[in-house]
Amino acid sequence: MSTVIPPATRGRRERGVTSARNASLAWLVLPALAFFVAFALVPLLAVVVLSFCRWNGISDISSISWVGLDSWHSVLTDPALPHAIGVTLLIMALSWAFQTPASILVGVFIAGRQRYRALLSVIYFIPLLLSSAAIAITYKALLDPNFGIGPGLHSDLLTQNWLGEDNLAVGVLVFVVSWQFVPFHSLIYQGAIRQIPASMYEAAEIDGAGRLRTFFSITLPQLKYTVITSSTLMVVGSLTFFDIIWVLTEGGPADATRSLALDMYIRGFRANLMGPASAIAVLLVLVGLGLALLLRRLGGTDATASQMEGV
Amino acid sequence: MATTVPTRTPSRPVPPDPLPRVRGVTRRRNWFGGLAGWAWLVVIALPLYWIVITSFTSQDTYFDHNPLVPTTHPTLENYQFVLDAGFVRYFVNSVIVTVGAVVPAVLMSFMAAFAIVRGGGGRFLTAVNGLFLMGLAIPLQAVVIPIYLIIIEMHLYDSLTAMILPSIAFALPLSVLVLSNFIRDVPRELFESMRLDGCSEWGTMWRLAFPLTRPALVTVTIYNGLTIWNNFLLPLILTQSTERRTLPLALWSFQGQYSVNVPAIMAAVLLTTLPILLLYVVGRRQLVSGLTAGFGK
């Protein structure tokens with residue numbers, strides 16, 4: 001094939017062919033690029049611009065006026081902001097702390113090759129298919145103090161005002177979020193655990209390591225980068241939880257579950273203050289990027305380093 | 001020749017090991033994992049079981065029977081009630097929005113991924129690829145206000161198209177990533193021989209790359225389909241009238257209206273999930289691999 005061409009002329013020839021080919025290929029990306037620019041990139045830039053403007057969200061574009069730092073000033077001095085950040089961080093921390101061990105343990109379980117575990121996985125993954133709205137609606141009905149499962153079973157313990165008291169509401173929210181997302185993260189862990197070489201476990205067995213020791217000395221260290229990936233997805237994902245909180249509590253009781261994403265929606269689309277709402281949206285993007293970079297740092301700079309030393 | 005092409009991609013979970021003993025992580029008893037596994041199964045299964053049995057319980061008997069025991073007189077009245085409440089319309093809306101967004105999104109992503117892989121070193125295509133990678137970090141929630149403004153200015157507010165357009169844009173970054181990873185695994189010699197046979201890039205794309213990329217195309221189609229089918233925020237912000245609602249939003253307002261009628265709400269939940277559950281029964285493997293698209297390493 002190409003060996004017919006003498007080596008000297010080959011380089012130039014191929015470069016010419018490549019650039020001609022690139023030109024003919026370039027237009028193939030244009031439809032995707034146009035959509036991406038129009039509905040993702042431009043909005044990202046526009047939300048920054050809007051955070052310096054006043055707009056009520058009802059009148060058309062000509063009513064938008066530049067007000068400089070007004071929105072930022074009102075948002076940053078509003079005591080509701082530290083509260084919303086606190087709620088966001090609380091939900092983030094609690095759901096991370098609950099989901100991570102649960103996902104690792106379930107991941108270990110379904111990484112097993114037993115046939116019944118494969119069958120159980122069929123059920124495990126069902127929550128991944130349901131919309132956040134459907135899940136929140138189900139739990140709202142299930143936990144209702146009048147029509148839910150508590151009064152149905154005549155159980156006082158289960159008949160609580162689950163979504164009507166601050167701490168209970170946050171607890172329920174963390175549980176529902178975990179119910180939805182633990183399957184996804186255990187799926188990630190399952191894949192990673194199956195990659196761990198069996199020889200490591202055999203060596204540990206020969207050395208007389210017990211089951212717990214094996215888990216803490218081999219499985220967990222081998223999962224280091226998976227833990228970081230999964231935690232990044234959990235932490236950054238929890239910033240933008242909207243449907244599940246909105247349907248479950250609408251930010252209530254009072255403002256107990258009003259996280260940043262809800263704060264943005266309520267300010268923008270309920271109070272018609274698009275300027276301050278945009279400022280919060282900008283904060284959301286910045287916090288998300290910051291957390292992602294921070295977690296990457298924690299994971300060490302060289303994520304490609306071998307985890308297989310000594311194998 | 002084409003039959004020997006390796007179509008494995010790093011973005012898919014490892015296929016079941018033909019030799020279970022080779023990587024036998026669990027040859028010894030693992031009490032913790034086992035306990036957690038069974039406990040979580042109960043946590044997952046109990047609400048699902050409750051949804052199903054409640055949806056067949058009549059509204060009259062719901063309050064005076066044990067909610068965890070299936071009713072002795074199963075009824076379809078709740079489903080009838082839900083269908084009468086306009087869910088057929090919402091269902092059709094959801095289908096239109098999902099198909100209308102997924103098909104163009106997947107085709108455009110495929111074309112873009114093909115160009116990015118084939119045009120390797122080109123400056124423009126490298127920049128475009130970088131842009132899509134950056135796009136993975138843009139959360140939809142953070143840019144809904146400008147999207148709302150753009151849709152109003154396009155005079156598309158309160159239409160199904162209003163939900164389709166941003167859905168396409170937000171499906172692109174991950175789809176391009178997954179598809180380009182996959183196309184990169186196609187041996188260069190195949191492209192080269194197509195070129196020597198005088199086939200254009202356009203022809204190569206559809207006749208060689210498209211069939212070879214089918215598993216990844218199925219994966220991104222399913223992933224995007226699920227995401228868009230379940231989207232709540234876009235209909236919430238971009239529609240107003242009842243007849244433009246898609247299922248998740250309709251479900252929410254249905255509960256707001258009939259919060260006392262728990263059996264009907266559960267029938268509605270089940271109905272809105274039915275197409276996905278059917279898909280799950282038919283193509284579980286593709287669905288599960290679609291869910292972790294881009295993460296399995």
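In the predicted model, helix H12 (residues 262–282) of chain B has 21 residues, which at 1.5 Å a residue should span 30 Å, and its end C-alpha atoms are 30 Å apart, in agreement; the expected span is 1.5 Å times one less than the number of residues. Helices are DSSP runs of H or I of at least four residues, numbered from the N terminus. H12(B) bends by about 50 degrees at B:Leu274, and the proline B:Pro275 follows within four residues. The bend at a residue is the angle between axes fitted to the seven residues ending there and the seven starting there.

The model is predicted, and local features need pLDDT of at least 70, side-chain atom pairs count only at pLDDT 80 or more, and totals for chains, interfaces and linings use all residues. Residues are numbered from 1 along each chain as its sequence is written, and chains are lettered from A and ligands numbered from 1 in the order in which they are written.

Helix H3 (residues 77–118) of chain B packs with H12(B) at an angle of about 70 degrees, the axes being 8 Å apart. Axes are lines fitted to C-alpha atoms, for helices over the stretch in contact, and angles run from 0 to 180 degrees between N-to-C directions. The two helices, H3(B) and H12(B), are therefore roughly perpendicular (65 to 115 degrees; under 35 is roughly parallel, over 145 roughly antiparallel and the rest oblique). Their crossing is right-handed, that is, the near helix is turned clockwise from the far one by less than a right angle, anticlockwise being left-handed. Contacts (C-beta atoms, placed from the backbone, within 7 Å) involve residues including B:Phe81 and B:Phe87 of H3(B) and B:Pro263 and B:Leu271 of H12(B).

H3(B) also packs with helix H9 (residues 214–229) of chain B, at about 145 degrees and with axes 9 Å apart. This crossing of H3(B) and H9(B) is right-handed. Among the residues that meet are B:Val97 and B:Phe110 in H3(B) and B:Leu217 and B:Trp229 in H9(B).

Helix H4 (residues 123–135) of chain B and helix H6 (residues 160–184) of chain B pack at about 120 degrees, with axes 8 Å apart. H4(B) is therefore oblique to H6(B), and their crossing is left-handed. B:Phe132, B:Leu133 and B:Gly135 in H4(B) meet B:Leu172, B:Pro173, B:Val176 and B:Leu177 in H6(B).

Between the chains, 89 residues of chain B are in contact with 85 residues of chain A. Helix H1 (residues 31–55) of chain B supplies the largest share of the chain B side, 14 residues.

Definitions and conventions: Two residues are in contact if their C-beta atoms, placed from the backbone, lie within 7 Å.
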